[in-house]
Amino acid sequence: MSKNYFKILRAGINSTFQDDGRNNLYHIGIPFSGAMDNRNFLLVNKLVGNKLKNPVIEFAYQGPLLKYSGEKINIAITGDVNFTIKRNNNLLNGICYQAYTLEHGDELDIISTNKSVYGYLAVGGEFDIKYQWSSCSVNTKANIGANDGKKLETNQRVNILKINKDLGIKKLDYLNTKIENIRVIKGTNFDYFSENGKKTFFEKEFFVSKLSDRMGMRLEGPKIENIVNTNIKSEGLIKGVIQVPADGNPIIMLSDHGTIGGYPKIGVVISADYDKLVQLTPGSKIKFEEIELSNAETLFKLYDLETQNLISQIR
Amino acid sequence: MIKNISNLGDAALYCDFGKEVNKEINSKVIRYFKSIQKENIDGINNLTPSYNKLIVSFNLRKINFQMVKRKIENLNIINDDKFETNKIQIPVCCDENFSLDIKRLEEILKINRDKIYEKFFGKEFFCYMTGFIAGMPFLGDLENELHAKRLETPRVKVPKGSVGLTEQFANIYTFESPGGWNIIGNTPLNIFDSSKEKKPNLINPGDTIIFERITENQYQNYNE
């Protein structure tokens, strides 16, 4: 048994181990998975001096309450998150994008995300967890990944194998911004929809439904009219694909999506907007904006440069 | 052989092999899939073959649509006989606890259950693709008399091992999952085993499958 560990006093709503996901398994039905918000995943690792793709704990809405036992260790939290650190009888309000050093007996309470869905907790070191297909990412549907492919549970113990020696405090001046406009490339079944349906899709507002999770984001709003067929022969999906089933309400495929689907694809969210999309909470407004492939590629380069730039600012 | 290549979003390529669903077209899809897999192209991170489409997803940090398209167009396609396929027998028990939708099928198809089983067991099926959930095989083709639509309201939980029918296809639920296929029986075989990282799937695209009926007693005592 490891002498450095967290005891989970409250698991939170959807707390799982994630890294940058697993590749080359779509053809057998296993999705990419990985941290939903890739930028915040990379930043949290950098803040505690880890390799950028180290496994972290991802939480949604309410995070875990953890009691730490062991040698001093650095932690950091990214996203838009309220959290406190309790040492003896002192309560400290935490700030995101800044490392903290935890001592034996400290309690880290990740209270909630603030008008966003996902947040990330990294420890300066390595969790003692299992890898499957070179990734620890938990896919609760197929029970694949760390922690037997399950969410964290109250009263369980999370062991830490290795602690980084450098306990210097790194920070970053960064504020998550929100977007309403999600940029989309036309999908392969765009012509299944009526002129009215296409207009509805690009001109009207949609709202994120409560029935959204790591697999998909359901939207509510005006119905999108299909004039060809509400089913297609089942074919592959990727994250960001927007399918419209017979009821006319779009569903956006997210990181744990089923690998095959039979609904027409009206569009695909561009890669540069994915991190911001997944952070939209139920009830949030979305407007889709059409964009050409070449522009989407340029926007991704900019997004990636900005991410690299933020990473290099952390010292 | 690919009728059309287009982009699916900014990080995937959509190869269209036609509209029909048949073994010939699907064999071409599988050939392309295996050929691309063999090339091990840096930046390509996923391939999803289906009945008549192949989706190639890639890492936009390393490669882009035009580059991947050029690679796919100039690919050496390996011959059918170069890839390995298997013939697999799948034992299925149709005891009442397992054949959840047999009554519904009798009504829709207007033939009795013995006739349904007679048309299902002992016939050769072809595996078109695997996916949706991990390891789920899509098998065809069922005779016309067995074509039924999926349930209007899908089940929230279809038990692991359930064998289902929809239209011209049969499938097997590799673990408990929501689903809308007409369930006619259950197999004690483990179709997907995530502890075997090299070969988690018992059934792969291109394989031949024959369902074999077993009794409840054989099901209970089944040893893999």
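**Entry 1: a strand pair, then its sheet**

I note first that this is a predicted model. I began with strand β1 (residues 5-10) of chain A, which is joined to strand β12 (residues 157-163) of chain A by 3 bridges, the two running antiparallel.

I found an open sheet of 7 strands in chain A, in the order β7-β6-β9-β4-β1-β12-β11, with antiparallel pairing. The edges are β7 (90-93) and β11 (125-127) of chain A; each has a single partner strand, so one side of each has no neighbour in the sheet. From one strand to the next, the twist averages 25°.

**Entry 2: A:Asp106**

Where does A:Asp106 sit? I found A:Asp106 in the loop between β8 (100-102) and β9 (107-113) of chain A. Is A:Asp106 buried or exposed? Its relative accessible area is 2%, and buried means under 20%, so A:Asp106 counts as buried.

I then listed the surroundings. Leaving out residues up to four places away in sequence, A:Asp106 touches A:Leu66, A:Lys67, A:Tyr68, A:Ile85, A:Lys86, A:Arg87 and A:Thr101. A polar atom of the A:Asp106 side chain lies 2.7 Å from the backbone nitrogen of A:Glu103. I also see A:Asp106 in a network of salt bridges with A:Lys72, A:Arg87 and A:Glu103.

**Entry 3: salt bridges within the chains**

My search of the whole structure gave 30 salt bridges over all chains. I picked out a few.

- A:Lys265 and A:Glu235 form a salt bridge, with 2.7 Å between the closest N and O atoms. A:Lys265 is in strand β20 (residues 265-269) and A:Glu235 in strand β16 (residues 235-236) of chain A, so the pair ties together parts 30 residues apart in sequence. A:Lys265 is buried at 0% relative accessibility, and A:Glu235 is buried too, at 3%.
- B:Asp42 and B:Lys62 meet through their side chains in a salt bridge, 3.6 Å from N to O. B:Asp42 belongs to the loop between α1 and β3 of chain B and B:Lys62 to the loop between β4 and α2 (65-73) of chain B, so this pair ties together parts 20 residues apart in sequence. B:Asp42 is exposed, at 55% relative accessible area.
- B:Glu124 and B:Lys87 form a salt bridge whose closest N and O atoms are 2.9 Å apart. B:Glu124 is in strand β6 and B:Lys87 in strand β5 (residues 87-93) of chain B, 37 residues apart. B:Lys87 counts as exposed, with 59% relative accessibility.

**Entry 4: where chain B meets chain A**

How many residues does each chain bring to the contact? I read 44 residues from chain B and 39 residues from chain A. The area buried between the two chains is about 3,400 Å², and carbon and sulfur atoms give 58% of that.

For polar links, I have 14 residue pairs in polar contact between chain B and chain A. The interface holds 1 salt bridge: B:Arg61 with A:Asp304, the closest N and O atoms being 2.8 Å apart.

Last, I checked which elements of chain B supply the side that touches chain A. Those giving at least two residues each include α1 (23-39), β4 (53-58) and β6 (124-130) of chain B. The most comes from β3(B), with 6 residues.

Conventions. Residues numbered from 1 in each chain as written. Chains lettered and ligands numbered in written order. Predicted model: local features only at pLDDT ≥ 70, side-chain atom pairs only at ≥ 80, totals over all residues. Heavy atoms only, no water. Pairing = 2+ DSSP bridges. Helix = DSSP H or I, 4+ residues; strand = E, 2+ residues; numbered from the N terminus. Axes fitted to C-alpha atoms, helices over the stretch in contact; angles between N-to-C directions. Buried < 20%, exposed > 50% of the residue type's maximum accessible area, 1.4 Å probe, protein only. Polar contact = N/O pair within 3.5 Å; in protein donor to acceptor, adjacent residues only side chain to side chain. Contact = heavy atoms within 4.5 Å. Buried area = accessible area lost by both parts, 1.4 Å probe. Salt bridge = Lys/Arg side-chain N within 4 Å of Asp/Glu carboxyl O.
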